[in-house]
Amino acid sequence: MSVLVDDDTRVVVQGITGGEGKFHAEQMMEYGTNVVAGAVPGKGGQEVNGVPVFDTVHEAVAEEDADTSVIFVPPAFAGDAVFEALDTDLDLAVAITEGIPTQDMAKVNKRLTETDTRLVGPNCPGLITPGEAKLGILPGNIFADGNVGLVSRSGTLTYQVVDSLTNRGIGQTTAIGIGGDPIIGTDFVDALELFENDDETEAIVMCGEIGGEDEEEAAAYIDEHVDTPVAGFIAGRTAPPGKRMGHAGAIVSGSGTGTAESKINALNDAGVPVGDTPEEVADNIESFLE
Amino acid sequence: MAMKLHEYQAKDVFADAGVPTPSSQLASDVDGVLTAAEEIGYPVAVKAQVQVGGRGKAGGIKLAEDEDEAREAAESILGMDLKGYRVERVLVEEAVDFTNELYVGITMDRGEGKPVAMVSTKGGVNIEEVAEEDPDAIAREHIDPAFGMHPFQARKAVYDAGVDKSVANDVASVLTTLYDLWESRDGSDAEINPLMVTADDDVIAADAVMNIDEDALFRQPELAEMEEEAASGGDELEQKADEYDFDYVRLEGNVGIIGNGAGLVMTTLDLVDYYGGEPANFLDVGGGAKAERIANALDMVFSDDNVDSVVFNIFGGITRGDEVARGINEALEQFDEIPKPVVVRLAGTNWEEGMEILNEDLVTVEQTLEDAVERTVAYAEEVTEQ
């Protein structure tokens, strides 16, 4: 079992003829992902890696039964690409693109309330079910099949924690990078709900960071609805207020909201141990699984 | 990230859209201030054009009743250091005689994923403090971005805030204009604080804040041109980071930090603190950095005199260990003596290739993030003790 993606997932890659789209479509296929189509306006009829390219996502769905899209479209056009994905009957759209204007995402956010399609991202590394399929840019070789679900706002921090787990022989059901932007599709609460309902997921890692209140909301949700043990991590304890730490969403505002302290306290109150170091997160997971 | 317009730029944008603003002129020397004040007519306000909050308290805004006072204000403000920024220009502005100060603003409520319009009768003070101490004093109206702000929403926010009926229509009209600007110019924040109410029941924007979503500058060419001007001043190292296109934040400590990916770099900072050191900076080289960019990152951190040691932590996804190793060699081989000890930890994509390439005579290699940070902190302590 796993969540959102497995070896039956049929993927259309939006932007498959671009540099990144092409490279990562290849990497996904090498990992075993079932990439069935590409979609790039004006490039219909071409092939990339033996995968047929269509002018529209609608055609890719109609012709190849795609049920999931991975979006590698440049930021100026990515908002539109997400709308196109949401206009079909896809189960899932994953937006890897970094730098989509926030107002475009606010409109996407509104559209998401009117569709059943789930969005992961944008500005995220994607998601992976080890041994089955990956959607996005995560390095497949550090993951291993197992029983830990992982959700994170940051890509490389995910790799760091996964590496600690895998080195101890602890594998993962699915790892989801939800992205570092202020407005995202799937948030911590959504991912926690998925893992809680997954029979195989026996423990959950949640990696948050400063900015916003998603971690506090997740803590409240865990307190009420999650029986699976959760180990937390919060990046940005040393970040000064008013300075954005790389991610558009990672900023402690002048009035003190979004601090690491508030998030750590909220998680602790919900019974979630928060590691001081990534290794401590792996220690906590190890003790859950004993 | 937001690009912040200067007050004078934001006022131009607001005035062009029909928001009433006081007459004003920009000046960069004392004579310019006096000429401007003469044309505008006393009394005037002389306002430092730097992008820091609390300009008034820090002595960056002065009222002048006559030429002597204007000269005095100009001499004290021009060239002054305002929270790390040198004041190169001032805005000379008609001083408005007001009976009341309001606040109007538009921003993105990230929790809701929707824009929000805000109105308060507690203008003229830091609105974040008002939000904290007296949240009910700010009326909020969430906007559906697909429709934009309905006229009733502007009215509702103004009435909810308790704005006096005599100016309610004018304030609602300013709020509507502000939303339209925020939307059409890809604002992240648009704010007038204070929006002054005069004895004649006119409203006038005595300050103007307009921050633009940097990710949207590609479709705001007019504002993108203002960017260079807006970015003038500031920390030398932060300017250098702009040239190299790094996400960089300078901090107070002496342990230099380079890494890939915001979350992992933040974690590295936190670990430096955890092991008893103090981070000197946040530097994210981003995804897929090639050798040259890696070398630039080292140059960047070496340029900071406060830095005593450097930790280089890369977990490759799309970044490749061999490229990183080449960049580190390239940057360090030009020195006869390495200026500051560098600790390297490589993991992920092509890390084995990277380790083969890396010249281990020039750096200290550690296998784990924790060990790398601990070692770097120890190096920094050695330097401090000397």
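Trainee: Where is B:Pro43 in chain B?

Mentor: B:Pro43 lies in the loop between α2 (30-40) and β3 (44-48) of chain B. B:Pro43 is joined to B:Tyr42 by a cis peptide bond, with omega about 0°.

Trainee: What should I know before I go on reading?

Mentor: This is a predicted model, in which local features need pLDDT of at least 70 and side-chain atom pairs count only at pLDDT 80 or more, while totals for chains, interfaces and linings use all residues. Residues are numbered from 1 along each chain as its sequence is written, and chains are lettered from A and ligands numbered from 1 in the order in which they are written.

Trainee: Back to the prolines, then. Which residue does a cis peptide bond join to A:Pro122?

Mentor: A:Gly121, with omega about 10°. A:Pro122 sits in the loop between β7 (118-120) and β8 (126-129) of chain A.

Trainee: Is A:Asp65 buried or exposed?

Mentor: A:Asp65 is exposed, because 11 other C-beta atoms lie within 10 Å. The cut-offs are 20 or more other C-beta atoms within 10 Å for buried, 12 or fewer for exposed and anything in between for partly exposed, with C-beta atoms placed from the backbone. B:Asn350 also has a positive phi, about 60°, although it is not a glycine. B:Asn350 has 19 C-beta neighbours inside 10 Å and therefore counts as partly exposed. Its place is the loop between β18 (342-348) and α12 (351-357) of chain B.

Trainee: Let's zoom out. How is chain B divided into domains?

Mentor: Into domain 1 (23-94), domain 2 (98-230) and domain 3 (236-385); such bounds come from an automatic or database domain assignment. The C-alpha centres of domain 1 and domain 3 of chain B are 43 Å apart. Chain B has 13 helices and 19 strands, and its C-alpha trace spans about 75 × 50 × 40 Å along the principal axes. Of its 386 residues, 47% count as buried.

Trainee: And which residues have the most contacts inside the largest nonpolar core?

Mentor: A:Ile71 and B:Leu283, in a core of 151 residues. A nonpolar core is a set of buried Ala, Val, Leu, Ile, Met, Phe, Trp, Tyr and Cys residues joined through C-beta atoms within 7 Å. α9(B) gives the most to this core, with seven residues. There is also a second, separate core of 46 residues, including B:Val174 and B:Ile212.

Trainee: What is B:Leu283 in contact with?

Mentor: Leaving aside neighbours within four places in sequence, its contacts include B:Phe246, B:Tyr248, B:Ile257, B:Val265 and B:Met300. Two residues are in contact if their C-beta atoms, placed from the backbone, lie within 7 Å.

Trainee: New topic: how many residues does each chain put into the contact between chain A and chain B?

Mentor: Chain B puts in 48 residues and chain A 51. On the side of chain B that touches chain A, α9(B) gives the most, with eleven residues. By class, that side has 23 nonpolar, eleven polar and 14 charged residues. Nonpolar means Ala, Val, Leu, Ile, Met, Phe, Trp, Tyr, Cys and Pro, charged means Asp, Glu, Lys and Arg, and the others, Gly among them, are polar.

Trainee: Last one: how far apart are the centres of domain 1 and domain 2 of chain A?

Mentor: They are 26 Å apart, taken over C-alpha atoms. Those domains are residues 11-120 and 139-289, and their contact takes nine residues from domain 1 and eight residues from domain 2. α4(A) supplies the largest share of the domain 1 side, five residues.

Note on methods:
Helix = DSSP H or I, 4+ residues; strand = E, 2+ residues; numbered from the N terminus.
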